[in-house]
Amino acid sequence: MNEKMLAVQINSFGGPEVLKIEYIPIPKVGPKDILLKISACGIDRKDLLIRNGTIRKKSAGYRSSASQIRNEIEFPLVLGAEIAGVIAEIGSEISGFKVGDRVASLPRRGHCGQCLYCHTGRSESCTKSWFIGQDSNGGYAEYTLVGADSLCLVPEKVDLIHASLSAACIGTMIRAIRDVGAVQIGESVLITGASGGLGAHGIALAKLSGAFVIAIASSELKADFLRSLGADEVIVANRREDWSSKVLHLTNGRGVDVGIDIVGASNFKFVLKSMALYGRIACVGEIEGGSVDFMPAIILLKRLKVLGSYAPGIEHMSKALDLLEKKNIHPIIDSILELSKASDAHLRMETKSDIKGRIVLCP
Ligand SMILES: [Zn+2]
């Protein structure tokens, strides 16, 4: 095997221009590592937050390791956590996978298998696990290291580019819609930030669950796209425009049963105002950060549940791959780009509002 590979690295926090394509050594495989030849890596908005310095710390799991005493993200770093590929080499302690297996990876690895969360099917909260593309090098490269605890075999019928969406993109929304939002047949579901990778797949999954779906879009062009995905109603509104009265109008004044919020602080009050009695809000994303002032009495009077929905676990990724294999849902991909275009992709995600689905890098 060649000892060097192409990778997109950052050497400092900054704008899209800090993403540099370089030849770097192929990572050495430790006893618990699996070396993956990457077929595809989706670009998550979180990658932008790491690159621009909004996220500066390593995750708690990585910091808790005795050999790692530095809390700050270290450079150079290869971003990217939505990875699928083919196993190129396996560590001496790995069992259950072999060279040549087609696999998709969760964004986290290093799950201990022994803590309260690992034992109760919530391994994404394992305090020993860490983020690929944040704590260790990720998927904007030809190869990266992953862990056996984080992999699912990809069914033969599923393209590896599509499989790269199975965890962080589709799996995240399976958790939000099925588990956290607990969407029931015939309920109404509101999805904010609906045209990105999470929202677009959220519409598909909410329809698959038998819901009436209202999506929020920032332009007419996107509205057509969201209708084509199955949204029953689309409200076109600017980021800070209060669209809640339109949601109430579309639901005969009652409001929605489930709010899937991918935008966060800048529209949280509108989500609250759009909810029906006994509604559930699943908080999935936060684009800008910041705080919100609202009356907690609204939660009391509407008997709401406001719930955090986090990264996917292995079951969510497995379910996503199953849905892709059966063509119950179709991957929604904006564009497929070479590694050298990573910087252009970040710039577009930051400055343009015309993205429809996921942007995927293919080495
Ligand atoms: Zn654990």
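Two residues are in contact if their C-beta atoms, placed from the backbone, lie within 7 Å. I wrote that down before anything else, and I also noted that I am working from a predicted model.

**Entry 1: alanine 215**

I looked up alanine 215 and found that its place is in strand 12, which covers residues 212–217. With the contact rule in hand, and not counting residues up to four places away in sequence, I listed what alanine 215 touches: Ile191, Ala194, Ile203, Leu226, Ala231 and Val234.

Is alanine 215 buried or exposed? I found 30 other C-beta atoms within 10 Å of alanine 215, and since a residue counts as buried at 20 or more, alanine 215 is buried. I also looked at isoleucine 260, which is 45 residues from alanine 215 along the chain, and noted that their C-alpha atoms are separated by 9.6 Å.

**Entry 2: the largest nonpolar core**

Next I asked which residues of the largest nonpolar core touch the most other members. I then noted where the core lies: domain 1 (4–165 + 331–361) and domain 2 (170–308) both give residues to it, so it lies between them. Beside this I wrote a general remark, that in soluble globular proteins nonpolar side chains tend to be buried together.

**Entry 3: partners of strand 1**

I turned to strand 1, residues 4–10, and saw that 6 bridges join it to strand 2, residues 20–25, with the two strands running antiparallel.

**Entry 4: partners of strand 6**

How many bridges join strand 5 to strand 6? I noted 3 bridges between strand 5, residues 82–90, and strand 6, residues 102–105, which run antiparallel. Here the bridge partner of valine 86 in strand 6 is arginine 102. Strand 6 is joined by 3 bridges to strand 10, residues 151–153, as well, and these two strands run antiparallel. The pair I marked is alanine 104, which stands opposite cysteine 152 in strand 10.

Conventions
Residues numbered from 1 in each chain as written. Predicted model: local features only at pLDDT ≥ 70, side-chain atom pairs only at ≥ 80, totals over all residues. Pairing = 2+ DSSP bridges. Helix = DSSP H or I, 4+ residues; strand = E, 2+ residues; numbered from the N terminus. Buried ≥ 20, exposed ≤ 12 C-beta atoms within 10 Å, placed from the backbone. Core = buried A, V, L, I, M, F, W, Y, C linked by C-beta atoms within 7 Å. Domains from an automatic or database assignment.
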